[in-house]
Amino acid sequence: MFFIGKHLIKTRFLLAPMAGVSEMPFRIIAGELGAGLATTELISAKGICQNSERARKYLRFNKEKEIPYSVQLFGGEEKVMAEAAVYVAKLGANIIDINFGCPVKKVTKTGAGSAFLKTPIRIFNLIKTIKSALGNEIPITAKIRSGWDADQINFLEVGKILEDAGCEAIAIHGRTRAQGYVGLSDWGIIKKLKDCVKIPVIGNGDIISADQANVRLLETNCDAVMIGRGALGNPWIFQELKYKKKPNQKEIYDLIIRHLDEHLEYNSIKSFRNHLIWYSKGYTGNAQFRSLVAELTEINHIKEIIGNFFLNTVKENNSSIVTHCIDYRQAFG
Ligand SMILES: Cc1cc2nc3c(=O)[nH]c(=O)nc-3n(C[C@H](O)[C@H](O)[C@H](O)COP(=O)(O)O)c2cc1C
């Protein structure tokens, strides 16, 4: 465990914010299984200020179950970001996370996400502006990449700036913006950041097993690790880490049905298909399962197929992150 500001984070294994994935039901499931923190996907500060339907949907949270409730904001304008931060704090956010890592062009061309890494002074000014609008009650955290590109790897400078500006924790994905998902996350970089700042550092990139998560913690001495793609279709990775327990077939089936039901409260079956694809990774006969669920729209029929498949098929292997990886850009639009 560790603290982010005054908030105790009960485990050192966190769910990464993921657009199209980290909505309330999945965050709660991850938390119940053992994730210490599950931040929302990136939410547009502008959208919040304009009270957009999409922003309102992404801000949905459960006051009892999500403690602390951490909201990730993105935007390139200080004033708008500060206004959005005040809004989400009033709504009940306990932690506000700022996205300085998003590589998507739609985001960076507005000066937001990883575009900030090109001009670190903007990061300082942004955090200061948000802090002076919010006061010291709500901790601000940041999620960064190692730099903009191979010529501008400046995570140490950015880390120091974040600390000086009053940021309370930094999550770092050990790739540059230019790398996207190519190559491997550089955990040497993550260790260097941990050695350089006093605030908690959360390492991120390419963790797909409980063993790897533990090794990364040991190697880097990071305060926590953040797991993204490795939790797609496998939120039990947090259970394995916290309780040293793998789920049985019935538990897998029950959780998928629960996830589906909670997802459907606010979404269509169409947007759950990706989850079904991820859940079926590593199972024999999953191609047939996928084509079946891709065609169907009747919920009870889909549930029957889920039952037939997950209650009668044994998982063969833990699939690799490469096959797990969907393009962030694809998910985010
Ligand atoms: C589908 C998808 C959506 C993502 N959305 C976000 C996001 O909203 N905010 C963010 O900071 N990072 C986002 N990321 C990046 C992840 O949080 C994480 O940094 C990255 O996937 C590397 O970690 P991993 O190797 O454990 O997946 C997203 C990644 C994926 C795969």
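**View 1. The loop holding Lys 244.** Lys 244 lies in the loop that joins H10 to helix H11 (249–264); helices are DSSP runs of H or I with at least four residues, strands are runs of E with at least two, and both are numbered from the N terminus. Its phi is positive, near 55 degrees, in a residue other than glycine. Lys 244 counts as exposed because it has 8 C-beta neighbours inside 10 Å; a residue is exposed with 12 or fewer other C-beta atoms within 10 Å of its own, buried with 20 or more, and partly exposed in between, with C-beta atoms placed from the backbone. The model is predicted: local features need pLDDT of at least 70, side-chain atom pairs count only at pLDDT 80 or more, and totals for chains, interfaces and linings use all residues. Residues are numbered from 1 along each chain as its sequence is written.

**View 2. Helix H10 and its surroundings.** In helix H10 (residues 236–243), the buried residues are Trp 236, Ile 237, Phe 238, Gln 239 and Leu 241. They pack against strand S3 (13–15), helix H1 (24–33), helix H9 (210–220) and strand S10 (224–227); two residues are in contact if their C-beta atoms, placed from the backbone, lie within 7 Å.

**View 3. The two domains.** Domain 1 covers 2–244 and domain 2 covers 249–310, with bounds from an automatic or database domain assignment. Their C-alpha centres lie 29 Å apart. Across the boundary, 7 residues of domain 1 are in contact with 9 residues of domain 2. On the side of domain 1 that touches domain 2, H1 gives the most, with 3 residues. By class, that side has 4 nonpolar, 1 polar and 2 charged residues; Ala, Val, Leu, Ile, Met, Phe, Trp, Tyr, Cys and Pro count as nonpolar, Asp, Glu, Lys and Arg as charged, and the others, Gly among them, as polar.

**View 4. The shell around the ligand.** The ligand is surrounded by 25 residues, the closest being Ala 16, Met 18, Leu 42, Gly 228 and Arg 229; a residue is near a molecule if its C-beta atom, placed from the backbone, lies within 6 Å of it. The shell divides into 12 nonpolar, 9 polar and 4 charged residues.

View 5. Asn 51 sits in the loop between helix H2 (45–49) and H3. Phi of Asn 51 is positive, near 55 degrees, and with 9 C-beta neighbours inside 10 Å Asn 51 counts as exposed. Pro 68 is found in the loop between helix H3 (53–58) and strand S5 (70–74). The peptide bond from Ile 67 to Pro 68 is cis, with omega near -5 degrees.
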